[in-house]
Amino acid sequence: MLARDENERVTRVGPGTPMGETMRRYWLPALLAWELPEPDCTPVRVKLLGEELVAFRDSQGRIGLLDERCPHRQASLFLGRNEDCGLRCVYHGWKFDVEGRCVDMMNEPEELGFAHKIRTGAYPTVEAGGIIWAYLGRAQRKPAPPHFAWTQAPPSHRHVSKVIQETNWLQGLEGGIDTSHVPILHRVLSADSSRPGFKPGDPFVRGKAPTLELDVTDYGYRYAGLRPLDGGEMHVRAYHLILPFHQIRPARSGSGRRGYSGAAGHIWVPVDDETTMVYNWEHSTTEPLSEEDRLERRLGNGPLDVDQTTFRSKRNRGNNYLLDRRVQKTETFTGIDGVNAQDRAVQESMGAIVDRTREHLGPADRAVIQARRLLLQATRTVEAGGNPPGVEPTYYGLHPAEAVVPRETDWRTLLAPAPSTETLQRV
Ligand code: FES
Ligand SMILES: [Fe+2]
């Protein structure tokens, strides 16, 4: 559990809040690259950390991310004209370039114009891994670019999507670093069911309840769920948390093909305190991803499940996630289809910002407890003028692991190359 003031500190992300200021020290996914497909295309509204912004790609292909309100009299630049290397407000024709400079004013005679004195809020962006990332903090503190192994993979071997979750960001993150729920919430009850989830024969399900082991690192932590199996073996699933909100986990093929392996993960990006844009990525380290993989049928995040204009899930709170009680009795643990749709259902059911003063946590919640501790520490580090974990490029190249191995195996050997030992601290 957390005290009420700690829960406030770790969840709220508006300007001036401790976590808000901490989040502004990182590159944040702002939108998918395909949302701005070509020069002079339609601008896109973006909301990040409670701030209303508008993104556009100018005539030279450069990306602009500006405050949505025009600095003249606050009309929305989303309504604007994207033309000749700038976004022009349709109210009085003020025009802004990608740096936020006012380059033209249509409503003032040339000799009285003061465009050169006007600048609007503009944020730097980088494109990596099919995502346009934004940095909302002070220029001199800009971190290393977000070059995770998966963002550096060729487009044929990676996939990224996004979906809105109607909760605070931390609730999503806590679900993603909570291995103990996975073979329970996502369990398939019968071996011959074609519904997505983990089947009875899967070692993840056959294994007994897990022991969690965790090492704090300079980017966050790495941890594993160790599940004893019969015959002196155990099932290992090893993950990474990169602050503030990145999970890296072992991937399972969407189409269930053999011979495919890789990593997958989520990024829980705060839209505002009660809304999260969840980015879902998958990275194959062997063969290219298929069209079937990109439909994400197993997860419930693909174009068949999520409206690609609003990014709202078709299974949502308003329709009880299309829960089917007959399926719940006979086929799957929840009766809801789609592994991530199941996650959204339980996490949204906890309330917009879960009241962590009412919880009863146990050893299986160890990774969740440690994440909160690191995040709270990060807010204090930032307040003291320091750098929080995860801004240096030490997370580049990290990969997850999943295996059935003899019980005495050290799971850390599965994660080689390991972070340097000086930066590790076992807890
Ligand atoms: S409000 Fe934008 S130009 Fe006047
Ligand atoms: Fe889950």
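**Pockets, cavities and nonpolar cores of the predicted model**

The second largest pocket has a lining of 23 residues, and nearest its centre lie Arg45, Val46, Lys47, Val271 and Met277. Two or more lining residues of this pocket come from each of β1 (27–32), β2 (44–48), β3 (51–57), β11 (158–165), β16 (262–272) and β17 (275–284). The greatest contribution is that of β2, which supplies 5 residues. By class, the lining of the second largest pocket comprises 13 nonpolar, 3 polar and 7 charged residues. The space in this pocket amounts to about 460 Å³.

The structure described here is a predicted model. The mean pLDDT of the protein chain is 94, and 95% of the residues score at least 70. Residues 254–260, however, have a pLDDT below 50; in the model this stretch makes 21 contacts beyond near neighbours in sequence. Residues 418–424 likewise stay under 50 in pLDDT, with 12 contacts beyond four places in sequence. Where pLDDT is low, predicted coordinates should not be read in detail.

Across the whole structure, 3 cavities of 30 Å³ or more were found. The volume of the largest cavity is about 410 Å³. Its lining consists of 39 residues, with Arg249, His266, Val339, Asn340 and Asp343 closest to the centre. The elements giving two or more residues to this lining are β11, α3 (169–176), β14 (233–242), β15 (246–250), β16, β17 and α8 (339–349). Helix α8 provides the largest share, 5 residues. In the lining of the largest cavity, 13 residues are nonpolar, 15 polar and 11 charged.

Helix α8 is itself largely enclosed by the rest of the structure, because 9 of its 11 residues are buried. These buried positions are Val339, Asn340, Ala341, Gln342, Asp343, Arg344, Ala345, Gln347 and Glu348. Among the elements covering the buried residues of α8 are β11, α3, α4 (182–185), β16 and β17. After α8 comes Gly351, with a positive phi near 100 degrees.

The second largest cavity holds about 90 Å³ of space. Lining this cavity are Tyr26, Trp27, Trp133, Pro143, Ala144, Pro146, Phe148, Leu243, Pro244, His246, Gly390 and Tyr395. The lining of the second largest cavity contains 10 nonpolar and 2 polar residues, and no charged residue.

In soluble globular proteins, nonpolar side chains tend to be buried together. The largest nonpolar core of the model contains 75 residues, of which Val46, Leu48, Trp169, Tyr221 and Ile267 touch the most other members. Helix α9 (residues 366–383) contributes the most to this core, giving 6 residues. Another core, of 15 residues, lies apart from the largest one and includes Val54, Ala75, Trp94 and Ala115. With residues up to four places away in sequence left out, Ile267 touches Pro29, Ile131, Trp133, Trp150, Phe245, His246, Met277, Val278, Tyr279 and Trp281. Among these neighbours of Ile267, Trp133 and His246 also line the second largest cavity, while Met277 is one of the residues nearest the centre of the second largest pocket. Val46, likewise nearest that pocket centre, belongs to the largest nonpolar core.

Conventions:
Residues are numbered from 1 along each chain as its sequence is written. Chains are lettered from A and ligands numbered from 1 in the order in which they are written. This is a predicted model: local features need pLDDT of at least 70, side-chain atom pairs count only at pLDDT 80 or more; totals for chains, interfaces and linings use all residues. Side-chain values use heavy atoms; hydrogens and water are left out. On a 1 Å grid over the protein atoms alone, a cavity is a set of points where a 1.4 Å probe fits but cannot get out, and a pocket is an open set with protein on both sides within 12 Å along at least five of seven lines; lining residues have an atom within 4 Å of a point. Grid points are joined across faces, edges and corners, and a volume is the space filled by probe spheres set on the points. Helices (H or I, at least four residues) and strands (E, at least two) are DSSP runs, numbered from the N terminus. Ala, Val, Leu, Ile, Met, Phe, Trp, Tyr, Cys and Pro count as nonpolar, Asp, Glu, Lys and Arg as charged, and the others, Gly among them, as polar. A nonpolar core is a set of buried Ala, Val, Leu, Ile, Met, Phe, Trp, Tyr and Cys residues joined through side-chain atoms within 4.5 Å. Buried means under 20% relative accessible area, exposed over 50%, partly exposed in between (1.4 Å probe, protein chains only). Contact means heavy atoms within 4.5 Å. pLDDT is the predictor's confidence in each residue, from 0 to 100.
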